[in-house]
Amino acid sequence: MVSRRIIYLILTLVILIPLLRPFKLKPLPMKPVENLFYYINNMPKDKALLISVDYSPDTEAELHPMTIALLKHAFYKRIKVGVLTLTLLGLGLAEDALRTVVKEFNERAKTREDSIIYGRDYVFLGWQTPPLVPLLGMGESITKVFPVDYYGNRTDTLPLLQQIKNYRDVGIVVSISGSAIPMWYVTYAQTTFGVKVGAGFTAVSAADYYPYLNSGQLTGLLAGMRGGAEYEELVEKHFGKTKRRKATEAMSSQTTAHIMIIILIIIGNIIYFKQRRRK
Amino acid sequence: MSTDIWVWIAAILTLGIFSFLYKDNPFYRFCEHLFVGITNGYAITFYWHRILVPSLIKPVSQGEKLYLLIFAFIGALYFTRFIPRLSWLVRIPIAFVLGYGAGAAIPRTIETSIIEQAKATILQRSNFLNLFDAISSIIIFFGVIATIIYFFFSTERKGILKHLAYSGIIFIMLGFGASFGYTVMARISLLIGRLTFLLRDWLGIIK
């Protein structure tokens, strides 16, 4: 009997070594990721992208790269962005993603036109509860559901929200979550107002939502860290190199860890069958 | 190595949680309790400052929207849970929440998870435009029927029903396999995230 501590130690080494000495991997974007990317890419100019940061720090490693990649895509394409969260702990993460991406773009910008400006190019609506209020209320008026934004500004004074009034002005809502929150958008916002919904799920729950992709209720789906890496790959392919690709950087460790798990499963099965034969 | 005290605190707490991998210990339990306490404290503060003060206390104290007091009173009945003699009153706010929640959810859930999903399994001409889509559509159609029959217990499994139910098991097992594969990826991702934090943000070993 091998102690589980030895397995933990081997797993840590298998992850640590590629982090210290990564090998090059090129993620191959799958259809659900491409569907979301190209839908956003081809959205009419007057439509906004609404990103719902519905995860907490425990799933940050998997989901945060998706938010960052989506924001980069939107800012490259000059798509107007609204960010909100239906989970309280998502507030800090949403702000971190916005701060990181806006800083990266504004460091490169030479004029005010090139810059990403709050209120003109993006807004951070913050958090509202109970979830049914924003889910249904945004179909009527975004500023009524969020009278003030995260920073305390009156939302009806922000130029972006004078153009983007409700779901009719939203091209797609992308909810990134470690729970079933994207399905709330499908159940309430899509069924009632017909808004398009995309989703980013943690890998552990992704398999449950493929049927909604097949039925067309989800326009696209990013599954776990791999989904984030594939989206990063598409952003880089279309818009050139970006500063950091968090999900892609982790793919070497992900690959070696998966190989190790497969080997352990095979060894475990061989031992099991040998023991059964002996009995 | 980081000079930010918050990065150090986060790193030490991460190591504290990881220490459970060796065995349960007081340091791990301290980190766990700290996490629960901070999360609740953060939530209560936010509910107070972002919801109760601007949406209830402020307008009511200015003599506006006084009708909100009725809803605040109904909501406050949740606290009667702590008074055994009056605890039955808690049913009133629960009835409101359940009534509203069920009313809003049931028709939309039927539409989303039953009608739309059933529609997606219907074979149409558009499913056969290319070979891959055609094969996928047939597998989905057959898989749904077989899985439903596996959970059909009202009659004895004989003949075609028996074969379909056994096929249902194969589809269910494939589903479990996909979920397990994704679970491995999810858990490894979380470990990679923490190790990256320790190596990059705390120790500065990797760029």
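**Burial and extent of chain B**

Of the 207 residues of chain B, 5% count as buried, a residue being buried if 20 or more other C-beta atoms, placed from the backbone, lie within 10 Å of its own. This is a predicted model, in which local features need pLDDT of at least 70, side-chain atom pairs count only at pLDDT 80 or more, and totals for chains, interfaces and linings use all residues. Residues are numbered from 1 along each chain as its sequence is written, while chains are lettered from A and ligands numbered from 1 in the order in which they are written.

Chain B has a radius of gyration (taken over C-alpha atoms) of 27 Å, whereas a compact globule of 207 residues would have one near 17 Å. The globule rule is 2.2 Å times the number of residues to the power 0.38. Along the principal axes, the C-alpha atoms of chain B fill a box of roughly 70 × 60 × 40 Å.

**Helices and domains of chain B**

Chain B contains 6 helices and 0 strands, giving the pattern α-α-α-α-α-α along the sequence. Helices (H or I, at least four residues) and strands (E, at least two) are DSSP runs, numbered from the N terminus. Two residues are in contact if their C-beta atoms, placed from the backbone, lie within 7 Å; among contacts in chain B between residues at least 6 apart in sequence, 21% join residues at least 24 apart.

The domain assignment, which is automatic or from a database, divides chain B into domain 1 (1-66), domain 2 (72-121) and domain 3 (128-207). The C-alpha centres of domain 1 and domain 3 of chain B are 35 Å apart. In chain B, 5 residues of domain 1 are in contact with 7 residues of domain 3.

**Fold of chain A**

Chain A has 13 helices and 6 strands. Buried residues account for 48% of the 279 residues in chain A. Among contacts in chain A between residues at least 6 apart in sequence, 72% join residues at least 24 apart.

**Contact between the chains**

Chain A gives 36 residues to the contact and chain B gives 35 residues. Elements of chain A with two or more residues on the side that touches chain B include helix 1 (4-20), helix 3 (60-77) and helix 13 (251-278). The largest share of that side, 6 residues, comes from helix 1 of chain A.

Terms used: A residue is buried if 20 or more other C-beta atoms lie within 10 Å of its own, exposed if 12 or fewer, and partly exposed in between; C-beta atoms are placed from the backbone.
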